[in-house]
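Hi,

Here's the structure I said I'd pass along. Have a look at it first, and my notes follow below.

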Amino acid sequence: QQQQQQQQRRWQAGLAARRWWACPQQERLGPWQQQQQQQRWQEQRRGLCGAMAEDQQQEIRLADYTAPAYLAETIELDFELDDTTAVASRIKYVRQRDGEDLVLNGEAKPANMVLQRVCVDGKDLAESDYKLTPLNLTIPAAHLQAESLVEIDVTIEPAKNTALAGLYKSSGNFCTQCEAEGARNFMYLVDRPDNMSRYSTKVVANKQKYPYLLGNGNDVERGDLDDGRHFVKWVDPWPKPSYLFALVAGDFAVDEGDFKTCSGKDVKIRIFVERGDEHKTAHAMQSIKRAFKWDEERFDREYDLEQFNIVAVSDFNMGAMENKSLNIFNSRAVLCDSNTSTDADFERIEGIIGHEYFHNWSGNRVTCRDWFQLTLKEGLTVFRDQEFTSDLNSRVAKRISDVKLLRMAQYPEDASPISHPIRPPSYVEINNFYTATVYEKGAEVIRMINTIVGVAGFKKGLNLYFERHDGQAVTCDDFVKAMEDANGVDLTQFRETWYSQAGTPVLTVSTSYDADAKTYSINIKQSCPPTPGQATKQPFDIPVAVGLIGAESRKPVPVKLAAGEEGTDTVVLRLTEAEQTFVLHEVSEKPVPSLMRGFSAPVKLHCADLKLADLAFLAAHDTDEFVRYDSLQELAMQILQGGATEGIDLLVSSLRNVLKTEGGDKMVLALSLTLPDAHAIAESCETGQADADAIASAVSKVNTAIATELEDVLIETYNANNLVPENESDGDAAARRALKNACLNALASHPEPAKARELAVAQFEGATNMTDRFYAVLAVRDLDCPERKQLLDKFFELFKHDRLVMNKWFTLHARSDVSDCMASVKDIMGREGVFEITNPNNVYSLVLQFAKNFSVFHDKSGESYKFVVDQIIRLDKINPQVASRVAKTLTNWRLFATPWSSGIKAELERLAAEKDLS
């Protein structure tokens, strides 16, 4: 019984921080959860993801990696889907080392898996011939040949799998989620990423209930059975690890399309959605075709099968999953139309679809040898999807958005007790490393390599990587080696630091100008704070992109590393030592330095030479659009950090100049109007110094000043962008709406917001798309006025039957600053048929967003903390992955001063003491 309890805790644990671009702030629990991990089963034997310890947990270390003792060459699966589902596996194992037992992973929970039969090479084994534990099935070596066929039959109950991991049944459909270790919930196998096998899968189910039976690869056979059931057999010719296995069965509406690859091959594309949602698939279909074409043109990657299927399901813990040829998506990552989805939804969906498809090569055809190499597939594929979105939309706006996410999600992680490198040296639970560090920082590491070797060199290196390792499970070192060999560069220091050292490097920059010699010196010191297990760090290899803007001419000054050479607007300095001085030559006038252009490395920058006036200067005159944006943000941040006691006039004048810019990228202008929020200010504070009330007051003071001083230009800009030009492209329309709505949102902070209320109501009533409708409600969300209730009620009546749009309505309530916010959230949770606590999307949109409502959540009474912890405890019994994501909002408590820190800590202690917590 104790073993069963320990095993149940293990499958319940695991964190849902998996698709950062698709979900709200995907993160993990804090260090206090490590104490709870003592309750969980971990691996003990040789290798990774092999046999499980029966009486203790084990730290898994990269240094201890050993290849599997047995590899599964082929896997044949038969599924008979029903309330009690029968799964029969026939796996050909090839021995890699003599004398070792075959240890198979398999977990009774969460789908109540029951072993029915074990057969080796045609001989049924008695129970005494093998060893069965709650987590493993071990077949002694004496029963095995050099090559053996192992047949195992089990039964499972998918409908009882409320954790939505492995094979589960939800909303009437069968669905799988196997990454990282879900396959072991419905069969016994060697469940590790370096065990790559060729799969064939036969799925049998009631034809009327489940007319569509989907699997990996190509469907090669189908037919009807005499008892009202039917079957489909799927064969995937490409070897893959078990985490990429997928199965879906249900009754769906289908959108069908075709794509002809660069070699002339026809691919059938199908998108499966719940009936009634078929009118929302057009954008997803266009996005997948664009992704096919883009990957061919940008990276020479052609699709490799005859079919490509996407399935959208309502109950899915993550954003999406890249299973070979059968991508499974959370419905909010597929479904959209202009009436129910914002412009941001359209871009987000395009990016997610691209990301999952790009995994076909960077993750599927070439996968990671072990889970320590997770960033090999995820960091690379995030970089690829970022480039995809940048090429199809505003590159600068996309870069700004990606950096904002990195700073808000990954930088705090780097500064926390659970800081880790993008390739961690050890883990206790692999699900804890689906993090912003592995994903977002991992993408920045890939981007730095792209900067160092150049765009053409990166493509050459990537092609070499795929050619060398197609069909293999490899390491981060293999990827970097391909880049080195293709470009003749030495990336040893780069690899040894960025892949192995945790923390965010800090660059301290000082400059000096010699007017007589016409030289400009840039001194850069790098440091990196201590992180767990790494008290000291070796210097990183950091590409620092630099430009110069003339202080008098206000124009770019050519950058020359040597006298007489041709100057450029931007030069990339390679910082490889703890301190280096770079001298630029033939600098004709004293410049203002433009540092970290394009955000060339994931570092923090301190330059005492850049005063507030210099930041305002760069915001107005820098030719690098990212630095221009970032200088304005830094100006606002320094003012807010100072309590908004000085500098507001400079910020207001800078914003006026931004809004008056002729011909600027309207999406970037809109982003410029969105200044650092209270969360960003708190994260910038020293431990124990964040005063929630003072932070909220400073933010309010700055926003009020902007709305008051810039009321005329905000209204003027709003009105100009409320007009729809003829023959406007979709991208231009989205940018125009973004700027218009940013102005409306800014106006709502006016101390007498009558104009904002008037514009919001008019915009809502006249809206022809969800973007304008949603942002009209958002403008009055924090105002205690009749228009707020009026628009929220109208929004509900318009969309109460659309589950996805209702998530937006939940968020509007949860993030409101009005005094009855928590009462409103509680009321919504009690509405039967409106809110479902078993649906992850509902929870993320209401409970998680309430926990991110800075001013309400950090009310001094502590009632909000108690409410959120109550929900976490409740959720933990239903879906621990969802509970863990909500709990992450409590883990930065050390930043805050008393009473906020003590209030959160007390609730964390209550949560940690909860009996049977996952």
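**Helix packing: H6 and H7**

Helix H6 (residues 395-414) packs against helix H7 (residues 436-453) at an angle of about 125 degrees, and their axes are 9 Å apart. Bear in mind that this is a predicted model. Angles over 145 degrees would count as roughly antiparallel and 65 to 115 as roughly perpendicular, so H6 and H7 come out as oblique to each other. The crossing of H6 past H7 is left-handed.

Who meets whom? On the H6 side you'll find Arg399, Leu405, Leu406, Ala409, Gln410, Glu413 and Asp414, and they meet Ala436, Thr437, Glu440, Lys441, Glu444 and Arg447 of H7. Sorted by class, that contact has 7 charged, 4 nonpolar and 2 polar residues.

**Lysine 441**

Lysine 441 sits in helix H7. Is lysine 441 buried or exposed? Its relative accessibility is 2%, and buried means under 20%, so lysine 441 counts as buried. Leaving out residues up to four places away in sequence, lysine 441 touches Leu406, Gln410, Asp414, Ile422, Ala436, Trp498, Gln501 and Gly503.

Cheers

Notes: Residues numbered from 1 in each chain as written. Predicted model: local features only at pLDDT ≥ 70, side-chain atom pairs only at ≥ 80, totals over all residues. Heavy atoms only, no water. Axes fitted to C-alpha atoms, helices over the stretch in contact; angles between N-to-C directions. Helix = DSSP H or I, 4+ residues; strand = E, 2+ residues; numbered from the N terminus. Parallel < 35°, antiparallel > 145°, perpendicular 65-115°, else oblique. Left-handed = near helix turned anticlockwise from the far one by under 90°. Contact = heavy atoms within 4.5 Å. Nonpolar A, V, L, I, M, F, W, Y, C, P; charged D, E, K, R; others polar. Buried < 20%, exposed > 50% of the residue type's maximum accessible area, 1.4 Å probe, protein only.
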